[in-house]
Amino acid sequence: MWHAYFDERTPAHLVGSFLTALADRSPLQRGMYDRTGHYSAVQEPSPPRPQQVVETHAMRLKSLRAQARFARRQQTKPATTPAGVGPAHPAARR
């Protein structure tokens with residue numbers, strides 16, 4: 001059917017987002033009469049209205065963007081400074 005390949009340079013948050021989307025059980029929108037890979041697959045018109053489809057898609061995109069932002073923030077958290085070490089102060093001018 002198809003396969004995916006991620007090398008060691010692929011950011012972990014992208015792999016995680018891909019796998020989350022792949023495991024999502026919500027219905028996948030397809031065009032009417034598109035081949036789905038098996039001759040016995042039957043397509044029926046989608047019961048939701050077009051506006052519902054757009055709203056659902058927008059909500060899913062918003063959720064995925066939030067997950068990606070969260071993952072980026074987790075990766076870029078600054079390291080904590082050891083206790084007793086304060087910010088450097090410039091030398092006083094004489």
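Start with the aromatic rings: the structure holds one aromatic pair (rings of Phe, Tyr and Trp, the last by its six-membered ring, pair if their centres lie within 6.5 Å). Select Phe-6 and Phe-18: the ring centres are 5.2 Å apart and the planes stand at 70°, so the pair is edge-to-face. For the angle, planes under 30 degrees apart count as stacked, over 60 as edge-to-face and the rest as tilted. Phe-6 sits in the segment before H1 and Phe-18 in helix H1, so the pair ties together parts that are twelve residues apart in sequence. Colour both by accessibility and you will find Phe-6 partly exposed at 35% relative accessible area, with Phe-18 also partly exposed at 29%. Here buried means under 20% relative accessible area, exposed over 50%, and partly exposed in between (1.4 Å probe, protein chains only).

A word on what you are viewing: this is a predicted model, in which local features need pLDDT of at least 70 and side-chain atom pairs count only at pLDDT 80 or more, while totals for chains, interfaces and linings use all residues. Residues are numbered from 1 along each chain as its sequence is written, and side-chain values use heavy atoms, with hydrogens and water left out.

Now zoom out and switch to the cartoon. The protein has two helices and zero strands; these are DSSP runs numbered from the N terminus (helices are H or I with at least four residues, strands are E with at least two). Of the 94 residues, 3% count as buried. The protein exposes about 9300 Å², and carbon and sulfur atoms supply 59% of that area (Shrake-Rupley method, 1.4 Å probe; for residues, only the protein chains shown count as cover).

Next, show the charged side chains. How many salt bridges are there? The count comes to two, where a salt bridge is a side-chain nitrogen of Lys or Arg within 4 Å of a carboxyl oxygen of Asp or Glu.

- Select Arg-9 and Asp-7, whose side chains meet in a salt bridge at 2.9 Å, N to O. Arg-9 is exposed at 67%, whereas Asp-7 is partly exposed at 23%.
- Select Arg-60 and Asp-24, which meet at 3.1 Å, N to O. Arg-60 lies in helix H2 (residues 50–75) and Asp-24 in the loop between helix H1 (12–23) and H2, so this bridge ties together parts that are 36 residues apart in sequence. Both are partly exposed: Arg-60 at 30% and Asp-24 at 34%.

Staying with charge, select Lys-62, Arg-65, Arg-69, Arg-72 and Arg-73, which form a positive surface patch. Patch residues have over 30% relative accessible area and no salt bridge, with like charges joined within 9 Å. Lys and Arg count as positive, and the charge is placed at NZ of Lys or CZ of Arg.

Val-53 is partly exposed at 25%.

How values were computed. Patch = residues over 30% accessible without salt bridge, like charges linked within 9 Å, V, L, I, M, F, W, Y side chains within 5 Å.
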